[in-house]
Structure formats: C-alpha cells, structure tokens
Amino acid sequence: TCFFSVSGVLPREEAIQAIKDSIKKAYGKKGEEIVKMNIAAVDTNGATDLFLFDRQDSSVRLVTHAAGAPTTTANGDTRTGRLSADGSRVLFMTLATNVDAGISDGNGAADAWLWSADSGNSALVSRSSASATTTASGSVSAVQLSIDGNWVGYATSATNVVAGVADANGADDVFRWSRVG
C-alpha cells in the first residue's frame, strides 16, 4: 500500500481494495481464516504494526492487534519486536492502548507485551507492582527475549515496578520478567 500511496499510481483506498482482492484470490483455497489473517496484514491504521509469517502455510498473523480482534490493528505504533527460537512467542514494545481490554494503560508511553501464537493473545510485561492489569508508570526503552520465550528483560523509566522500592535515580532500570511461575 505504501508504494501505491507514495507513487500516486492508484488512490490509497483503491490500492487497499486491490490488494485485498488479490489476497482472496491467492489464499481463498486455504480457507477463510487464512484469508482473514492475510487481509489483516494490509495496513489501514497508519501506524507501525507487527506481523508473523508462517513459512509452513504461508499465512500472516497480526501480532499487534486490538483486544479480542485478531484481524484489527492496535491503535498505536509498535517499536521493537523479538521472536522466540520456535516462533511461538513475540515480545514487542508498543504505544497502543487497546492490546488487552482488561488493562489500564494510563502512562502514555511504550509498554512491553509478550504475544503467544498458541492463544493469539498478548500478556502485559511492563506492569505496576500494585496490579498485573495496570501498566507501569514509565516508558519501556529496550526489550530482550530468551530463546525459549519464557524470560523477558526490559529497561524502563517506571518507578513502580517493584513493590516497596523507592526508585528516585531518574534513570532507566533493567528488569527480568518470567512468563512461567
């Protein structure tokens, strides 16, 4: 869509529809779910999104999607993405506030999330020590994922990640988060 928008060959909406029609033709025999996942890869929100390509069935899944809507892009830019060795998990930073409907995201900053290919859902990594459903108070600036996808390391300016710790150094601190246990 970017090529068509920049070059002016086709109006943006017409280009998007042509791409969607092409996807239906190319993937129609693989089933409606594969068609939907590939159509989701057509950018319509004007933000940077993250997708996972499956080499076995040539499908594309939208990783940074709105809560409960696997084919609807989230409402903010996605920054860094990290993939586990087996492709089952994706760690990402995003400014989106609608990744999980049950999360209170009032920090106005990038948060870290871990997406699971099994469930298609994302878990908030950079959260407040007071609540697993509230984002931490500051922005995440870097993320790293272990090979097996079970451990996350992240840097943040948040001051409320560890209960009972007064963090007044004014600098990013590094934290480790475990998906299990």
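How many of the residues of E6 are buried? In this predicted model, the count is six of six, so to speak a strand that is mostly covered. The cover extends to both faces of E6: Arg89, Leu91 and Met93 are buried on one side, and Val90, Phe92 and Thr94 are buried on the other. As a general point, side chains in a regular strand alternate between the two faces of the sheet.

Strand E5, residues 78–83, pairs with E6 in the antiparallel sense over four bridges, and threonine 78 has threonine 94 in E6 as its bridge partner. E5 and E6 form a hairpin, with five residues between the two strands. In the turn of that hairpin sits glycine 87, with a positive phi of about 75 degrees. E6 also pairs with E7, again in the antiparallel sense, and here there are six bridges. Arginine 89 stands opposite serine 116 in E7.

The loop between strand E6 (89–94) and strand E7 (111–116) holds alanine 109. Is this alanine 109 buried or exposed? Alanine 109 counts as buried because its relative accessible area is 13%, under the 20% cut-off. Setting aside neighbours within four places in sequence, alanine 109 is in contact with Thr94, Leu95, Gly138 and Ser139. Leucine 95 is 14 residues away from alanine 109 along the chain, yet their C-alpha atoms are separated by 5.8 Å.

In soluble globular proteins, nonpolar side chains tend to be buried together. As for valine 125, its contacts beyond four places in sequence are Leu91, Ala112, Trp113, Leu114, Val152, Tyr154 and Trp177.

E11, E12 and E13 also turn up together as a sheet. The three strands form an open sheet in the order E11-E12-E13, with antiparallel pairing. E11 and E13 are the edge strands, each pairing on one side only. On average, neighbouring strands of this sheet are turned by 20 degrees against each other, direction ignored. Between E11 and E12 there are five bridges, and valine 143 has tyrosine 154 in E12 as its bridge partner.

Tyrosine 154 has a ring partner too. The model has one aromatic pair, formed by tyrosine 154 and phenylalanine 175. The pair is tilted, at 5.8 Å centre to centre and with 35 degrees between the planes. It links distant parts of the chain, with tyrosine 154 in strand E12 and phenylalanine 175 in strand E13, 21 residues apart. Both tyrosine 154 and phenylalanine 175 are buried.

The average pLDDT of the chain is 88, and 92% of the residues score at least 70. Over residues 1–6, however, pLDDT stays under 50, and the model has ten contacts beyond four places in sequence for this stretch. Where pLDDT is low, the predicted coordinates should not be read in detail.

Methods: Residues numbered from 1 in each chain as written. Predicted model: local features only at pLDDT ≥ 70, side-chain atom pairs only at ≥ 80, totals over all residues. Heavy atoms only, no water. Buried < 20%, exposed > 50% of the residue type's maximum accessible area, 1.4 Å probe, protein only. Contact = heavy atoms within 4.5 Å. Pairing = 2+ DSSP bridges. Axes fitted to C-alpha atoms, helices over the stretch in contact; angles between N-to-C directions. pLDDT = per-residue confidence, 0-100. Phe/Tyr/Trp six-rings, centres within 6.5 Å; stacked < 30°, edge-to-face > 60°.
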